[in-house]
Amino acid sequence: MRKLLSILLFALALLLIYPLLPKWALYISGALAGLALLYEPLGYLFLAFLGSLLAYYRPSGVYPLLALSFGIIYVESAHLASRNVPLSHYVILFASVFLAVPLYYVLLFTSVFLPSLSNTLVAGLLMVSLYVLLYTILKG
């Protein structure tokens, strides 16, 4: 059941990435993401590749943030499925990653007062740091 969730999240992540990147990048991302089910470090390579491409092509709005969020959820759910963790870990994963969307809008609202930074970049960094913080609290 948990592997099925990982496969569904894989398909959803690729579906969200499809309009953002050129075809060659989509193929490489799909290969790295698909192999992440077999070898976990390739999932983190997929996230680094996706983040680099999103920073290079600079799509704006909340949509690239959602694509990166589903990428993180996919990689981490594959990691959690291989460890057979309780379902509460999945809830924390979804909650922590999806907190990036309201955070994006808060940063968009306050961007008038902030120095010139890309809101998507700042929200993405805060999303990753929030997830790492919640994961270490839960693990500890």
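The protein chain averages a pLDDT of 85, and 94% of the residues score at least 70; pLDDT is the predictor's confidence in each residue, from 0 to 100. This is a predicted model, in which local features need pLDDT of at least 70 and side-chain atom pairs count only at pLDDT 80 or more, while totals for chains, interfaces and linings use all residues. Residues are numbered from 1 along each chain as its sequence is written, and side-chain values use heavy atoms, with hydrogens and water left out.

**Confidence by element**
- Helices here are DSSP runs (H or I, at least four residues), numbered from the N terminus.

**Cavity**
- The structure holds one cavity of 30 Å³ or more; a cavity is a set of points on a 1 Å grid over the protein atoms alone where a 1.4 Å probe fits but cannot get out.
- About 60 Å³ of space lies in the largest cavity, where grid points are joined across faces, edges and corners and the volume is the space filled by probe spheres set on the points.
- Its lining consists of Leu 80, His 89, Ile 92, Leu 93, Ser 96, Tyr 131, Leu 134, Tyr 135 and Leu 138, lining residues being those with an atom within 4 Å of a point.
- Helix 5 (87–98) and helix 7 (119–139) are the elements that give two or more residues to this lining.
- By class, the lining has seven nonpolar, two polar and no charged residues (nonpolar: Ala, Val, Leu, Ile, Met, Phe, Trp, Tyr, Cys and Pro; charged: Asp, Glu, Lys and Arg; polar: the others, Gly among them).

**Helix 5**
- Helix 5 has twelve residues and reaches 17 Å from its first C-alpha to its last, close to the expected 16 Å (1.5 Å times one less than the number of residues).
- Tyr 90, Leu 93, Ser 96 and Val 97 are buried in helix 5 (buried: under 20% relative accessible area; exposed: over 50%; partly exposed: in between; 1.4 Å probe, protein chains only).
- Exposed Leu 87 and Val 91 are on the face turned away from the buried side.

**Positive phi in loops**
- Most residues other than glycine have a negative phi.
- Arg 58, in the loop between helix 3 and helix 4 (62–83), has a positive phi near 50° and is exposed at 70% relative accessibility.
- Asn 84, in the loop between helix 4 and helix 5, has a positive phi near 55° and is exposed at 60%.

Notes
1 Å grid on protein atoms, 1.4 Å probe; cavity = no way out; pocket = protein on both sides within 12 Å on 5 of 7 lines; lining within 4 Å.
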